[in-house]
Amino acid sequence: MLLGRTASSLFWMARYMERAENMARLIEVSYRISLMPKPFRAHQEDWRSTVISAHCEATFDAKYDTASQENVIQHLVLDRNNPSSIRSCMERARNNGRAVRTALSRDIWESLNSTWNDLSVLKSNQLGSDKLPGFLDWIKQRSMLFRGATLGTALRQDSFHFSQLGAFIERADNTARILDVKYHILLPRGAGPGSAIDVQQWASLLRSVSAHRAYRWAYRDASYQPWNVAQFLMLNPAMPRSLIFCYDWIDRSLTDLEKEYNESMPGHVRARKTLERLSSANMEDIFQSGLHEFLSDFIDDNNILTSEIAASYNFP
Amino acid sequence: MGENFNEMLEADGSVRAPYALLHKWLEKQTPGDLRAKIKEAESIFRRLGITFAVYGTEEASERLIPFDIIPRIFAASEWRRLEAGIAQRVGALNAFIDDIYHRQEIVRAGKVPADLILQNEAYLPQMAGHSPARNVYAHIIGTDIVRVGADEFYVLEDNCRTPSGVSYMLEDREAMMFLFPDLFAKHRVAPIEHYPELLRQTLDSVAPPQCEGEPTCVVLTPGIYNSAFFEHAFLADEMGVQLVTGDDLFIDDGWLYMRTTREPVRVDVIYRRIDDDFLDPLTFNPASTLGVPGIFDIYRAGRVTIVNAPGAGIADDKAIYSFMPGIVEFYTGDKPILNNVPTWRCSEKDDLSYVLDHLEELVVKEVHGSGGYGMLVGPTSSKKEVATFREVLKKRPSNYIAQPTLALSSCPTFVKSGVAPRHVDLRPFALCGDKMRITPGGFTRVAMKEGSLVVNSSQGGGTKDTWVLED
């Protein structure tokens, strides 16, 4: 038996943890670009686009006038007033976990709690730009430890499935958003190799989902092809951050819940439709009918799925 | 009351029997060894999240309760006497509450003044005439006991509402077994880890009469920002029952349910860790969002058991405390085994003038306070503090009681300067359901500051593992 509130907390615990990790990756990539020689970042507002990719424009603009490196990092890493900052995500993940400790294995709880104990005492003046890469790496490791503890110690029952739904709905949202913010660089522009700047942008995009090496193994082209990059992050079922992979996982979690509870719910129909759409799609058609439109619909559907799950399983 | 009683060492320096092995072991430890063990213990507690929130600080921060790694030890014979005393007292407290909410024989007999009951904030008129399952009201009781001599124990306070600390008792033991397995191998320490099972059995045994089949029990918490949240989660987890907040519960057609991911599940027994006032906005504080609207009505209808019962606090009221010897005798027919501390009621004129004349040597407490807030410890307070308190006391004398400063016993404790005696008290836990279940030992609190008598964790007190040796 699982309380609706417990299910909700498990869902959000995993979701915030995933969000913290994604945020760390995003900042990591922007920071990398900021270290590159000028021509590669001349005609773009890197840090501004980071704020947009992180979906934090509203909170950022309320506080800052310029998207300087310092301001953006400040806002996305330790700002308590930004609900999506790494600090806020970790705090929410931990508070959700704390509220449902009885539903967590000791290993899962300790991974959450130790992370928060260390992070909560960190001051912004301790996070100079020389410390930033190490810090972001640490955040990713803590998230991976949490994931490992979950996969390695959680009983495969409803409580586990709710945490997986939270994690993969967040991951799908994150991949779709990053693609949508950068979709213009992925649009086909006729034949010929991309410029050095294009290539660098594609590489950054892949890096922000930890996929630049994997891309090499999956696609044997010597340079990046934008439609391959898009294909990889949307439709390649082997890529663990692709939309189709996330929806395959979501569908499986919902199927397992359905088996355990012996009843189906409306959200599952939606999730399955999304999965089918991704399975039968090819990039050519998607580009034809509009990449941006496709991604917008996907993000909307993904949000509706969250509300449907919340309603079906009595989240408070 | 003379010299403080040292639980390890006699006045002549010889070692008391229960501490014989520990004393030898302690002599072999260097401060460095012990310091390393403390560090290890703290990192375990911090990682597990065994913290409590401190109210009134700038931020509601989470802190560790200082843990002392030197155990406190009772001989089996010492414990047997304490246990008998606690059982007697707990039995009397439940009989007293039952009587207060029914015929009030004790008032008719003139042993307790009617005003003290009827005008007491802890008395709930809504409980009058209600008989809960097995006529038990205070199911979980923490009896605060201090020792002043080899055979001299006093009950400082009975906690009949929602006594906390049991999770520290259990986790301190876990930590000690992890840190010092060799010490346990040398001693025969009575186990305590079955407390959660005993608690579960107690809750099951007081299921309401209308419950059919296996009762469903839950722990009701105010939430993660409550100072004792860790304990609430810990007990629910150890008992294998749900930890719920008020909004997980609802009433439908006269029964209590919890909201789950599937069908609602009926709840039979609530171990609540929220105060009476917050239980039911329809019956008590209408502003409360922590409780369940309408729960009191179905409680009265015998469809759910609330543990401890609403209104049980009348028995641990500090104004009632001074009547306890008479109460024990009235219901058990025997003299109390455990002493009461002599108490002056500031509501009474003669008592008040005595207290005002002797403030420097007395402990003055709020009748309804808890946790060491708003009290005066005369001997350790400055002249200025005493003077300020005198004015406070004069304004609302009936709000206070006073007691002599007891020479609390001390136990060896590891502090900055090494191993030194520090004052301690003891809170054993008694469970009352189909029968009485008392866990050997309890929660020892220690004042970490030299000479200090204030052991409350909110005031910097620490904890110790408490051992009862088996014969």
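**Figure 1. The two domains of chain A in the predicted model.** Chain A is divided into domain 1 (1-154) and domain 2 (156-316), with bounds that come from an automatic or database domain assignment. In this predicted model, local features need pLDDT of at least 70, side-chain atom pairs count only at pLDDT 80 or more, and totals for chains, interfaces and linings use all residues. Residues are numbered from 1 along each chain as its sequence is written, while chains are lettered from A and ligands numbered from 1 in the order in which they are written. Taken over C-alpha atoms, the centres of domain 1 of chain A and domain 2 of chain A are separated by 20 Å. Their contact takes 26 residues from domain 1 of chain A and 28 residues from domain 2 of chain A, two residues being in contact if their C-beta atoms, placed from the backbone, lie within 7 Å. On the side of domain 1 of chain A that touches domain 2 of chain A, the elements that give two or more residues are α1 and α2 (46-53) of chain A; the largest share, 17 residues, comes from α1(A). Helices (H or I, at least four residues) and strands (E, at least two) are DSSP runs, numbered from the N terminus. By class, this side of domain 1 of chain A has 14 nonpolar, seven polar and five charged residues; Ala, Val, Leu, Ile, Met, Phe, Trp, Tyr, Cys and Pro count as nonpolar, Asp, Glu, Lys and Arg as charged, and the others, Gly among them, as polar.

**Figure 2. Packing of helices α1 and α8 of chain A.** Helix α1 (residues 4-34) of chain A packs on helix α8 (residues 158-181) of chain A at an angle of about 35 degrees, and their axes are 7 Å apart. The axes are lines fitted to C-alpha atoms, for helices over the stretch in contact, and angles run from 0 to 180 degrees between N-to-C directions. The crossing of α1(A) and α8(A) is right-handed; a crossing has this hand if the near helix is turned clockwise from the far one by less than a right angle, and is left-handed if anticlockwise. Residues of α1(A) in the contact include L10(A), F11(A), W12(A) and R15(A), and those of α8(A) include F162(A), L165(A), I169(A) and E170(A). The residues of the contact of α1(A) with α8(A) divide into 10 nonpolar, six polar and five charged.

**Figure 3. A20(A) in the largest nonpolar core.** A nonpolar core is a set of buried Ala, Val, Leu, Ile, Met, Phe, Trp, Tyr and Cys residues joined through C-beta atoms within 7 Å. Of the 208 residues in the largest such core, A20(A) and I97(B) touch the most other members. Helix α1(A) gives the most to this core, with 15 residues. Apart from neighbours within four places in sequence, A20(A) is in contact with I86(A), C89(A), M90(A), A93(A), I139(A) and S143(A).

**Figure 4. The side of chain B that touches chain A.** This contact takes 20 residues from chain B and 21 residues from chain A. On the side of chain B, the elements giving two or more residues are α2 (31-48), α9 (229-239) and β7 (242-244) of chain B. The residues of that side divide into eight nonpolar, five polar and seven charged.

Figure 5. The domain assignment gives domain 1 (17-340 + 406-468) and domain 2 (344-404) of chain B, whose C-alpha centres lie 26 Å apart. Their contact takes 12 residues from domain 1 of chain B and 10 residues from domain 2 of chain B. V364(B) has its place in strand β15 (residues 362-366) of chain B. V364(B) counts as buried because 25 other C-beta atoms lie within 10 Å; a residue is buried if 20 or more other C-beta atoms lie within 10 Å of its own, exposed if 12 or fewer, and partly exposed in between, with C-beta atoms placed from the backbone. Not counting residues up to four places away in sequence, V364(B) touches V355(B), M375(B), L376(B), F389(B), L393(B), Y400(B) and A402(B).

Figure 6. Most residues other than glycine have a negative phi, and most peptide bonds are trans. The peptide bond from V307(B) to N308(B) is cis, with omega near -15 degrees, and N308(B) is found in the loop between β12 (305-307) and α12 (318-321) of chain B. S210(A), in the loop between α10 (196-207) and α11 (212-218) of chain A, has a positive phi near 55 degrees. Q104(B), in the loop between α3 (76-100) and α4 (105-108) of chain B, has a positive phi near 55 degrees.
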